Amino acid sequence: MATTPASFPPGGTWFDTHKKSFVDVPMDASNSNAIPTYDFLDAAESLTTLFDLLGSIAFTPVKNDMLGNITKIRTLHLSSPAQTSTLQSLVPYELSTRKHTASEGLLWLVRGLDFTATALRHTLSNPTSELSNSFRTAYTTTLKPHHSFLVKPVFSAAMSATPYKRDFYAKMSRSEDEGKVREEMEKWVGALEERVGVMREFMGRKEAKW
């Protein structure tokens, strides 16, 4: 069922509906910022409901792409939980089996999360800029360089289908409290950016290549 303000707790926001928030996804500083696979996937899955709030079927391919990648990673994690307890252990383990389905899914999931973080950071940093501009800018710098000429039109169409910013903020809170939404978004986006940064660095290493 699509996420709507009616599903938020009284006085709550979209962030209160998350099974796991990126704010609460740990990073083990004593172990190269290792990120627990289970927590990360729950937080990523919660993030995909953001595309319901954008209110256009044009975002369905974007959401489905992210969910498909989450499924690939979770399938491997559930089959070999001990060997894939962190994202940084999952990739070398799978590559040692001469497969890369989940690892490729993780690469694309991180790109999708980077796109989302970049779009929302642009939104927060540019109060007068509409969402369509923020999402187009984010798409150009994150996903577009990796997409084929067949996929680019599908995603580009979604970028232009965003609601007005004021309507988006209203959908993010049951009480339509824009100030509260911005405050919670700032914390959440900061946490998302930090974890995406760790994973982008890791996925760029030699041991994460196939």
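The legends below describe close-up views of a predicted model. Local features are given only where pLDDT is at least 70 and side-chain atom pairs only at pLDDT 80 or more, while totals for chains, interfaces and linings use all residues. Residues are numbered from 1 along each chain as its sequence is written, and side-chain values use heavy atoms, with hydrogens and water left out.

**View A. Helix H1 and its surroundings.** Helices (H or I, at least four residues) are DSSP runs numbered from the N terminus, as are strands (E, at least two). H1 covers residues 37-47. Of its 11 residues, 9 are buried, so H1 is largely enclosed by the rest of the structure. Buried means under 20% relative accessible area, exposed means over 50%, and partly exposed lies in between (1.4 Å probe, protein chains only). The buried residues are Thr37, Asp39, Phe40, Leu41, Asp42, Ala43, Ala44, Ser46 and Leu47. Their cover includes H2, H3, H4, H5 and H9.

**View B. Packing of H1 against H3.** The axes of H1 and H3 (residues 60-79) come within 10 Å and cross at roughly 160°. Axes are lines fitted to C-alpha atoms, for helices over the stretch in contact, and angles run from 0 to 180 degrees between N-to-C directions. The two helices are therefore roughly antiparallel; angles over 145 degrees count as such, those under 35 as roughly parallel, 65 to 115 as roughly perpendicular and the rest as oblique. On the H1 side, the contact (heavy atoms within 4.5 Å) is made by Thr37, Tyr38, Leu41, Asp42, Ala44, Glu45 and Leu47. These residues meet Met66, Leu67, Ile70, Ile73, Arg74 and His77 of H3. By class, the contact has 8 nonpolar, 2 polar and 3 charged residues. Ala, Val, Leu, Ile, Met, Phe, Trp, Tyr, Cys and Pro count as nonpolar, Asp, Glu, Lys and Arg as charged, and the others, Gly among them, as polar.

**View C. Salt bridge between Arg74 and Asp42.** A salt bridge is a side-chain nitrogen of Lys or Arg within 4 Å of a carboxyl oxygen of Asp or Glu. In the bridge of Arg74 with Asp42, the closest N and O atoms are 3.2 Å apart. Arg74 lies in H3 and Asp42 in H1, so the pair ties together parts that are 32 residues apart in sequence. Arg74 is partly exposed at 21% relative accessibility, whereas Asp42 is buried at 6%.

View D. The whole structure holds 10 salt bridges. In one of them, Asp52 pairs with Lys63, with the closest N and O atoms 2.9 Å apart. Asp52 lies in H2 (residues 50-53) and Lys63 in H3, so this pair ties together parts 11 residues apart in sequence. Lys63 is buried, with a relative accessible area of 18%. Glu186 and Arg121 form another salt bridge, at 2.6 Å from N to O. Glu186 lies in H9 (residues 178-203) and Arg121 in H5 (residues 101-125), so the pair ties together parts that are 65 residues apart in sequence. Glu186 is partly exposed, at 37%.

**View E. Crossing of H4 and H5.** The axes of H4 (residues 87-96) and H5 come within 8 Å and cross at roughly 140°. H4 and H5 are therefore oblique to each other. Leu87, Leu90, Val91, Glu94 and Leu95 of H4 make the contact with Thr101, Ala102, Ser103 and Leu106 of H5. By class, this contact has 6 nonpolar, 2 polar and 1 charged residues.
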